[in-house]
Amino acid sequence: MLRALFLRHFISTSAIYVNLVMFEALEISIGGNDAEARRKRTIWALMAADVRRLCLLLEESCTRSGGLAHLRRFRVSVHLSNTSRWGCKRLITAYSIDFPGYASETLVPRHQDLGLADLPATVAAVKNPTSKITYDEHNHERYPPGDPSKRAFAYFVLTGGRFVYASLLRLLILKLVLSMSPSKDVLALASLEVDLSNIALGSTVTVKWRGKPVFIRRRTEQDIKLANTVDISSLRDPQVDADRVKNPEWLVVVGVCTHLGCIPLPNAGDFGGWFCPCHGSHYDISGRIRRGPAPFNLEVPQYSFLDENKLLIG
Amino acid sequence: MAAAAAAAAATASAARRGGGGLWEGLYRVLMRRNSVYVTFIVAGAFVGERVVDYGVHRLWEYNNVGKRYEDIPVLGQRQSE
């Protein structure tokens, strides 16, 4: 049984850089007593002896020079023997040099054993990539290599965050765009155009004008007659219907109760008009107060007819 | 003890593979193309906003039981024409 290191080497006398690579040991057993086997064993032994001598030399020079500062550099060139004669196709060696005084284990691969003491550790690390990476598992454990990763789960967690960001983006866009709509002071003096073509006879439509509801009622003949057959002197706020409308077919009044400001309900009350549910004021079909605590008739805003079917309020 | 630990590890890795399959499947469906992913995010934001609104609304009402306008017994109105 030979414990063999099968690399050929030579030592050049000039001082160049060493790249002693670390591998695993290989046990080679060459049995048999024929000439071939004996030859093989001799050669293996010579090789092993050579490498051991080389490493002893390195150690010696290291201790002699008292440290890494003046480590003599040797060139080790490696030949791969790929033929089947040697019974092994891969290059494997094993020898590690333990330098005195460097017993602590660190995470960073120390490259001092390669004799690069004058380079900073970062440069040495860049120039000498190694596959033997040590990870710091003090805070977080590492999945062993080959484990299925948690990539999909992690991505979905991030997607949850992105839901929130999308919602925020929508909000920002809305705020920015709607900030360009008219401001309150502009709306306070605004006019409103109303399309009258869709209002059926006898029905009431409520529109928002300057923040207040405005009732637009298309009155029937019956309503107009009812509005005119009232004794004006009996009214709390006497007003003739003709004074309150420009066109008797269209009644336009502000839908705010003159008592305390509630909004009267249409088609309610005893007089065929509006009824305020807050304190029970009854308005008739012309918007005049008939019963209840309200002092005045419903206010008639300034309005005009732009054409047959369009009303401009304000 | 060692056998139990080994069994636990085996089931954990098996569960991970089984449970991980769901996430991996969704990944394969949703995260291959960016267009699909962005659509998923927009839809998810919409749905999520509605869910959050509903949840907060319910929480508010739970915290303010009986104080809403709708909780007042119906006001009497005379509806006559």
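**View 1. Salt bridges between chain B and chain A.** Two salt bridges are counted between chain B and chain A, a salt bridge being a side-chain nitrogen of Lys or Arg within 4 Å of a carboxyl oxygen of Asp or Glu. This is a predicted model, in which local features need pLDDT of at least 70 and side-chain atom pairs count only at pLDDT 80 or more, while totals for chains, interfaces and linings use all residues; side-chain values use heavy atoms, with hydrogens and water left out. Residues are numbered from 1 along each chain as its sequence is written, and chains are lettered from A and ligands numbered from 1 in the order in which they are written. One salt bridge joins the side chains of Arg151(A) and Glu24(B), at 3.9 Å from N to O.

**View 2. The side of chain B that touches chain A.** Helix 1 (2–30) and helix 2 (34–63) of chain B each supply at least two residues of this side; helices are DSSP runs of H or I with at least four residues, and strands are runs of E with at least two, numbered from the N terminus. The residues on this side of chain B are nine nonpolar, four polar and five charged. Here Ala, Val, Leu, Ile, Met, Phe, Trp, Tyr, Cys and Pro count as nonpolar, Asp, Glu, Lys and Arg as charged, and the others, Gly among them, as polar. The contact (heavy atoms within 4.5 Å) takes 24 residues from chain A and 18 residues from chain B.

View 3. Six aromatic pairs are found over all chains; rings of Phe, Tyr and Trp (its six-membered ring) pair if their centres lie within 6.5 Å, and planes under 30 degrees apart count as stacked, over 60 as edge-to-face and the rest as tilted. The rings of Phe153(A) and Trp23(B) are edge-to-face, because their centres are 5.4 Å apart and their planes are at 70°. This pair runs from helix 3 (residues 151–178) of chain A to helix 1 of chain B. Phe153(A) is partly exposed at 34% relative accessible area (buried is under 20%, exposed over 50%, partly exposed in between, with a 1.4 Å probe and protein chains only). Phe163(A) and Phe40(B) are also edge-to-face, 5.5 Å centre to centre with 70° between the planes.

**View 4. The surroundings of Gly255(A).** Gly255(A) lies in the loop between strand 6 (250–254) and strand 7 (265–266) of chain A. Gly255(A) counts as buried because its relative accessibility is 0%. Beyond its neighbours within four places in sequence, its contacts include Pro213(A), Phe215(A) and Cys262(A).
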